[in-house]
Amino acid sequence: MSAVVSELKKQYGTWKINWGDRCRYQRLTGKITETYDDARPSVAVGLVASSFGALPSYVSRVMPNTKKRYGYSGNSFIAAVEFGKKVKAKTIVTGGESSDPASPHFSDQATMYLFGVFKDVLFYKEDVLKNVEKKYQPGRSESAGRRVRIRPSIL
């Protein structure tokens, strides 16, 4: 315990620091090996590892060239399903559905995940159609719905 107190005093000038100021969620690139930067935006995390009996599980550590701890392991998603006449399900993804930092779905679920706010699963066709953002039909270009000839590539 004294080693931890000494380390906190060394890094922050005091041992009295909120866990959320030290433990952060950050997703900058979407790459498998993420990079972290204390000067860039991040979200406070109040979660801990499953070894403490926690679900969701969030494991963090100090990354190279940072003072704060960032998540590197834990749940990638959580789902709860209710079976009955109609299937009902709720899920949450750790960050977002996209690996493209320019996408609105890159980190759109991060705060929801950290606060345990789940989203409904759009399981039935009518639910999916009510929530469509963009339609795609194979063989048609996305702009103007024109037919596109697709030639198979030869390896």
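The largest pocket holds about 570 Å³ of space. The structure is a predicted model, in which local features need pLDDT of at least 70 and side-chain atom pairs count only at pLDDT 80 or more, while totals for chains, interfaces and linings use all residues. Residues are numbered from 1 along each chain as its sequence is written, and side-chain values use heavy atoms, with hydrogens and water left out. A pocket, on a 1 Å grid over the protein atoms alone, is an open set of points where a 1.4 Å probe fits, with protein on both sides within 12 Å along at least five of seven lines; its lining residues have an atom within 4 Å of a point. Its volume is the space filled by probe spheres set on the points, which are joined across faces, edges and corners.

Lining the largest pocket are 26 residues, and Tyr-25, Arg-27, Tyr-36, Gly-71 and Thr-94 lie nearest its centre. Two or more lining residues come from each of strand S1 (23-25), S3 and S4. S4 gives the largest share, five residues. Strands are DSSP runs of E with at least two residues, helices are runs of H or I with at least four, and both are numbered from the N terminus. By class, this lining has nine nonpolar, twelve polar and five charged residues. Here Ala, Val, Leu, Ile, Met, Phe, Trp, Tyr, Cys and Pro count as nonpolar, Asp, Glu, Lys and Arg as charged, and the others, Gly among them, as polar.

The second largest pocket has a volume of about 330 Å³. Its lining includes Leu-122 and Val-132, along with charged residues such as Glu-97 and Lys-119. In total, two nonpolar, three polar and five charged residues line the second largest pocket.

Leu-122 and Val-132 turn up again on the surface, where they form a nonpolar patch with Val-128 and Leu-129. Val-132 is found in the segment after helix H4 (125-130). Val-132 counts as partly exposed because its relative accessibility is 35%, between the cut-offs of under 20% for buried and over 50% for exposed (1.4 Å probe, protein chains only).

Two loops deserve a look as well. Between strand S2 (43-44) and strand S3 (58-62) sits Pro-56, and the peptide bond that joins Leu-55 to Pro-56 is cis, with omega near 10°. The loop between S3 and strand S4 (69-74) contains Asn-65. Asn-65 has a positive phi of about 65°, although it is not a glycine, and is exposed, with a relative accessible area of 81%.

Terms used
Patches are made of residues with over 30% relative accessible area and no salt bridge: like charges are joined within 9 Å, nonpolar side chains (Val, Leu, Ile, Met, Phe, Trp, Tyr) within 5 Å. Accessible areas come from the Shrake-Rupley method with a 1.4 Å probe; for residues, only the protein chains shown count as cover. A salt bridge is a side-chain nitrogen of Lys or Arg within 4 Å of a carboxyl oxygen of Asp or Glu.
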